[in-house]
2 protein chains.
Amino acid sequence: MTPTITAFADSPDRGRGLARDMRVRWALEEVGQPSEVRLLSFEELKAPAHRALHPFGQIPTWEEEGLVLFESGAIVLHIAGRHRGLLPEDARARSRAICWMFAALNTVEPPIVERSLATILERDEPWFAARLTMLDGRVRQRLGELSRRLGNAEWLDGAFSAGDLLMATVLARLEGSGLLGEYPNLAAYLLRARARPAYQRAYAAQFAVFLRSRSAKDPAEN
Amino acid sequence: MTPTITAFADSPDRGRGLARDMRVRWALEEVGQPSEVRLLSFEELKAPAHRALHPFGQIPTWEEEGLVLFESGAIVLHIAGRHRGLLPEDARARSRAICWMFAALNTVEPPIVERSLATILERDEPWFAARLTMLDGRVRQRLGELSRRLGNAEWLDGAFSAGDLLMATVLARLEGSGLLGEYPNLAAYLLRARARPAYQRAYAAQFAVFLRSRSAKDPAEN
């Protein structure tokens, strides 16, 4: 049975592939698993029908026969556990790759999301400049540590894994901040990740959703 | 071979069990796996020897023959994968429990940590009161969603799992904020989790570290 995932009908990033469905789309492309995508409006996200699938009213979700999952990290791990290509076969290398999945989502992502939130929610507050300096410092600390660990390696621990996939999607959120450019090996790492054919296919699929939503809103633009 | 974990020699929470080694100690007690604990000073945390184990210079780490892990979530998952008692045997229920692990660390914890950080780093800033109101709102949103999903159930999805273990350690960080008391079923859930004998043993072990560190600093206090 083909699994169904959910994504924004109208992504706030204007097709840049920064929403969390991208992680699942990319993982599915890496392992060659087809899926259906169900698009949700912001109203539908918060409605009881979706809350029954996702207690926090977010995307993505995962539905397959008899199983509903939420949390992009858990869905990627679920996919990685059922197909080859996203986690090493060796048990120890597999545990290490899973470390990087958690590191991406629990150590590197929080200050990056916090910085993004501040630029949206606190932009007009009198404290914004001072807060941004503080937040940039927290992001730089994690980027510096990650950059030192990555060094000249291609991926974080041996072959490309679900840990690299999640880390790349986290770093992608820094686009436009100028911060990633201060760490050339991390900027190159992100480019390398995005050059993967599976990423390209996933990106194109979510960009097609953006084009359709733009066309629906303003047919003259197309 | 007995695994070795790391913890703070001198925990900033004064023995309340809020540091992330508590997750690993608790998980080990749930499955009955003995371990060694290596205590680190703040200087040792940031030193190259520890950075070689943990790129972000944090605790806990996990060392067993031929394997070094970091990230408390990944370590708990590693333990859960090798012993019975922290994840269901059924594959679907197992994937759902892992959802709750990621939800605890990637959706519920970030606003709670952000609030804690603000109360430490921004307490004297002119914007603190306005920020705290905003942060309390973000925490309440997640607690409200979690509370609605938990309802009258004992645990988040069937039997106690590593998802509940991580969620309880996340909610514990709200102690003293007054926020958890607004959601009686979550407050009761945390109490239920902490009443588990495995939690009690883990708590006692980390509290003994605090008592020893206090005694070393000021023998007259004991």
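This is a predicted model: local features need pLDDT of at least 70, side-chain atom pairs count only at pLDDT 80 or more; totals for chains, interfaces and linings use all residues.

Visitor: In what order do the strands of the open sheet in chain B run?

Guide: The edge strands of this sheet in chain B are β2 (36–40) and β4 (67–70), each of which pairs on one side only. The pairing is mixed, and the twist from one strand to the next averages 25°. The four strands of chain B follow the order β2-β1-β3-β4.

Visitor: In which sense do β1 and β3 of chain B pair, parallel or antiparallel?

Guide: Strands of a sheet pair through backbone hydrogen bonds, in either a parallel or an antiparallel sense. In chain B, Thr4(B) stands opposite Glu63(B) of β3(B). Strand β1 (residues 4–8) and strand β3 (residues 61–64) of chain B are joined over two bridges, and their sense is antiparallel.

Visitor: How is α1(B) oriented relative to α4(B), roughly parallel or roughly antiparallel?

Guide: Two packed helices are described by the distance and the angle between their axes. For α1 (residues 21–31) of chain B and α4(B), the axes come within 9 Å and cross at roughly 10°. Angles under 35 degrees count as roughly parallel. The crossing angle therefore makes the orientation of α1(B) to α4(B) roughly parallel.

Visitor: How many residues of the contact of α1(B) with α4(B) are nonpolar?

Guide: On the α1(B) side, Arg23(B), Val24(B), Ala27(B), Leu28(B) and Val31(B) take part, and they meet Ser72(B), Ile75(B), Val76(B), Ile79(B) and Ala80(B) in α4(B). By class, the contact has one charged residue and one polar residue, and the nonpolar residues number eight.

Visitor: Which element gives the largest share of the side of chain B that touches chain A?

Guide: The contact takes 31 residues from chain B and 31 residues from chain A. In chain B, β4, α4 (72–82), α5 (91–121) and α6 (128–150) each supply at least two residues of this side. The side of chain B divides into 16 nonpolar, seven polar and eight charged residues. Its largest share is 13 residues, and these come from α5(B).

Visitor: As by what kind of axis are the two copies related?

Guide: Chain B is superposed on chain A by a rotation of 180° with 0.0 Å of shift along its axis, at an RMSD of 0.0 Å. Of the interface residues of chain B, 100% are also interface residues in chain A, so the copies meet through the same surface. The relation between the copies is thus as by a two-fold rotation axis.

Visitor: What is the phi of Glu71(A)?

Guide: Most residues other than glycine have a negative phi, and most peptide bonds are trans. The peptide bond from Ile59(A) to Pro60(A) is cis, with omega near -5°, and Pro60(A) lies in the loop between α3 (48–53) and β3 (61–64) of chain A. Glu71(A), in the loop between β4 (67–70) and α4 of chain A, is not a glycine, although its phi is positive, about 75°.

Key: Residues are numbered from 1 along each chain as its sequence is written. Chains are lettered from A and ligands numbered from 1 in the order in which they are written. Two strands pair if DSSP finds at least two bridges between them. Axes are lines fitted to C-alpha atoms, for helices over the stretch in contact, and angles run from 0 to 180 degrees between N-to-C directions. Two residues are in contact if their C-beta atoms, placed from the backbone, lie within 7 Å. Ala, Val, Leu, Ile, Met, Phe, Trp, Tyr, Cys and Pro count as nonpolar, Asp, Glu, Lys and Arg as charged, and the others, Gly among them, as polar. Copies are superposed by least squares on the C-alpha atoms of residues with pLDDT of at least 70 in both. Angles under 35 degrees count as roughly parallel, over 145 as roughly antiparallel, 65 to 115 as roughly perpendicular and the rest as oblique.
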